[in-house]
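Here are some notes for a colleague who is opening this model for the first time. They are set out as numbered points, to be read beside the sequence and the structure.

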Amino acid sequence: MTSFFPQWRDNPTAALIATFALAALLIAAPFVVGQLGNAWVRALAFAALYVMLALGLNIVVGFAGLLDLGYIAFYAVGAYMYALLASPHLTDNFAALAAMFPNGFHNPIWLVIPLGAALAALFGVILGAPVLKLRGDYLAIVTLGFGEIIRIFLNNLNAPLNLTNGPQGITLIDPVAIAGHSLARPLDLGFVKLPSVYLYYYLFLFLAVLTVIVCINLQNSRLGRAWMAIREDDVAAKAMGINTRNVKLLAFALGATFGGVAGTMFSAFQGFVSPESFSLMESIIVLAMVVLGGLGHIPGVIVGAILLAMFPEVLRHTAVPLQEQLFGKVLIDAEVLRMLLYGLAMVVIMLYRPKGLWPAPERGRLAEPKVQG
């Protein structure tokens, strides 16, 4: 909590109480919102996933200042990695693999997570290497193209070899299993029975908290300071002895790693993946979370991710009934209204809160000298 509220560093008791209160709130959250239906708990689980995605993108955009519009490609890489290694798709379409693995691929997610993270990091380096000298709009266009290339490949790699099953996607993906218990089944603890969606929420919450801890340590590390130096002035950072090439590549690779891990979780949670889940609009939404919350500020990014992740669920349960009551019919579909309000929110934020809802505290600013009259 002291990383979120620096003023509490001199009051460890208050910081400890706030930490336990926040932990209790997060643990109790599914039981509270679950009274409205499991759909709300599912939305909370996706919010935790989006926190991971937003924090990963924040490394690239917020810390290093490298505009990335193709970040969702790393999410797709992790999702398809797990889908291929934990489903019968490959053995159903390749006879040689079926002969070697007659029971199909059913690799545990704890094996696939490092593979998905490593593959996403590799793709991050592949993206970062050619664009090291690009900045601003040019960098944005190249990363946008990279994200679209990955989506188009996933959409068309069903011929001549059916690797991704094209636009039909991959089904029958194994759920996460912990200590032999599949999270697709409820867990009876004796005093309470936790539905499957609750179990996934707690898993994603744990991974999101772990991501926050890693990002805080990265921000306070020598590497984090190098990223921020590059963000402020690339030429000055290079003149001070920072290897800007390697530091930028590390930003792309580490940011992509979180995207790959989130993708594996998404694939296991959904049990189905298809290219339409990884469109450009998803990249823009994740970027909007970072910008809305506060570019480069971890607590702000978390707030932005939760707000924009929960917003569609709130809109789904309010927009349509409200329009039916007021006008007798639905004038604007909830999805169209969602995108309209997203755009409006970004315009308002840029006008009145250009640094985000919870911007990073300014450091090192000297007090303005008083002019003697």
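**Notes on the predicted model**

1. Arg 231 has a relative accessible area of 33% and is therefore partly exposed. Please keep in mind, here and below, that this is a predicted model. The side chain of Arg 231 meets that of Glu 232 in a salt bridge, at 3.1 Å from N to O, and Glu 232 counts as exposed because its relative accessibility is 59%, where exposed means over 50%.

2. The structure holds three salt bridges, and another of them joins the side chains of Lys 248 and Asp 234, with 2.7 Å from N to O. This pair links distant parts of the chain, since Lys 248 lies in helix α11 (residues 244–270) and Asp 234 in helix α10 (residues 234–239), 14 residues apart. Both Lys 248 and Asp 234 are buried.

3. A salt bridge is also found between the side chains of Arg 151 and Glu 148, at 2.9 Å from N to O. Arg 151 and Glu 148 are three residues apart in helix α7 (residues 136–156), so about one helical turn separates them. In general, an α-helix has 3.6 residues a turn, so residues three or four places apart point the same way. Arg 151 itself counts as partly exposed, because its relative accessibility is 24%.

4. A nonpolar patch on the surface is formed by Leu 322, Leu 326, Phe 327, Leu 331, Ile 332 and Val 336, which together have about 590 Å² of accessible area. Helix α13 (residues 298–327) gives the most to this patch, with three residues. Leu 326, a member of the patch, is placed in helix α13, and Leu 326 counts as exposed because its relative accessibility is 59%.

5. The course of helix α13 deserves a look of its own. The helix has 30 residues and spans 42 Å from its first C-alpha to its last, which is close to the 44 Å expected at 1.5 Å a residue. After α13 comes Gly 328, with a positive phi near 80°.

6. Leaving aside neighbours within four places in sequence, Thr 211 is in contact with Met 52, Leu 55 and Phe 258.

Terms used:
Residues numbered from 1 in each chain as written. Predicted model: local features only at pLDDT ≥ 70, side-chain atom pairs only at ≥ 80, totals over all residues. Heavy atoms only, no water. Patch = residues over 30% accessible without salt bridge, like charges linked within 9 Å, V, L, I, M, F, W, Y side chains within 5 Å. Areas by Shrake-Rupley, 256 points an atom, 1.4 Å probe, with all protein chains shown as cover. Salt bridge = Lys/Arg side-chain N within 4 Å of Asp/Glu carboxyl O. Helix = DSSP H or I, 4+ residues; strand = E, 2+ residues; numbered from the N terminus. Buried < 20%, exposed > 50% of the residue type's maximum accessible area, 1.4 Å probe, protein only. Expected span 1.5 Å × (residues − 1). Contact = heavy atoms within 4.5 Å.
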